[in-house]
Amino acid sequence: MTIAFALLFGALIGVLLGLLGGGGSILAVPALVYGLGMDMRQAIPVSLLVIGVASAVGAAPKVRAGQVQWCLAGIFAVVGIPATFAGAAIGSHLPQSALLIGFAAVMVLAGIRMLSGSGHTGTACAAGDGGVNWRRCAPRSVPAGLAVGVLTGLFGVGGGFLIIPALVLMLGVDMPIAVGTSLLVIVANSAAGFLSHLQGFTVDWAVAGAFTATATVTSLIAGQLGTRMNTDRLQRWFAYLVFVVAASVLVDAIWLR
């Protein structure tokens, strides 16, 4: 029965990933905790496995199309990977209720980001020739990479809802390149987060594999459908759903545990 639920919830998360991009993964941890009965420390590495594999699949065509800013991805990864391990270490000392409250706050932040739209492309780090002004970009990238890394290790989220705005609005990267770059950063941070959470924890590989495989396959199918439909309204309703789930997580963390 657990495998059946893993397949069901994996398919749901995969559809959301395919239609909405990385933002759909914000419900992976709640699905694992409340749908499959895991605690937060079990759900986080499985969530990171799903996010990492799905992001790697999504990044492949971006890399082939040249829609990746490798130097920026490297900066985010270099500062983000140690921060991911730090976030995991911090989380290991926190009670589950604190993790749930923090995760609810992250969900609210993600929902607000979804409602705000992509905005316009910033020019803070754009060079005159259309390239990147590294003197301005590097100092702006480091704090953003640190924040994303800590959130990844602490709560098992990919952080795309923070990476893309940082790349587009703070660093002046075009949206298609920002998406491809964000996916590479998520792969690196998710792999680091997954490894950091394996210490003292045994993964139920049957459940994790079923959840991950189903999410990946359905995300590819939904991604093809998403290219032929307007997902703006869907993203708006999904943001409202995220708020509802965040409220439920908060109630559970404060009053029911």
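A residue is called buried when its relative accessible area is under 20%, exposed when it is over 50%, and partly exposed in between, with a 1.4 Å probe and protein chains only. At 36% relative accessibility, Val 251 therefore counts as partly exposed.

The model is predicted: local features need pLDDT of at least 70, side-chain atom pairs count only at pLDDT 80 or more, and totals for chains, interfaces and linings use all residues. Residues are numbered from 1 along each chain as its sequence is written, and side-chain values use heavy atoms, with hydrogens and water left out.

The chain has ten helices and zero strands, taken as DSSP runs numbered from the N terminus (helices: H or I, at least four residues; strands: E, at least two). Of its 257 residues, 49% are buried. Contacts (heavy atoms within 4.5 Å) between residues at least 6 apart in sequence join residues at least 24 apart in 83% of cases. The accessible surface comes to about 11,500 Å², and carbon and sulfur atoms hold 68% of that area, computed by the Shrake-Rupley method with a 1.4 Å probe, where for residues only the protein chains shown count as cover.

Inside the chain, the largest nonpolar core has 48 residues. Such a core is a set of buried Ala, Val, Leu, Ile, Met, Phe, Trp, Tyr and Cys residues joined through side-chain atoms within 4.5 Å. Ile 26, Leu 27, Met 40, Met 107 and Phe 155 touch the most other members. Helices that each supply at least two residues of this core include α1 (2–20), α3 (40–64), α6 (134–155) and α10 (232–256). Leaving aside residues up to four places away in sequence, Phe 155 touches Val 29, Ile 44, Leu 99, Gly 102, Phe 103 and Val 106. Another core, of 21 residues, lies apart from the largest one and has Ala 144, Ile 163, Val 173 and Leu 183 among its members.
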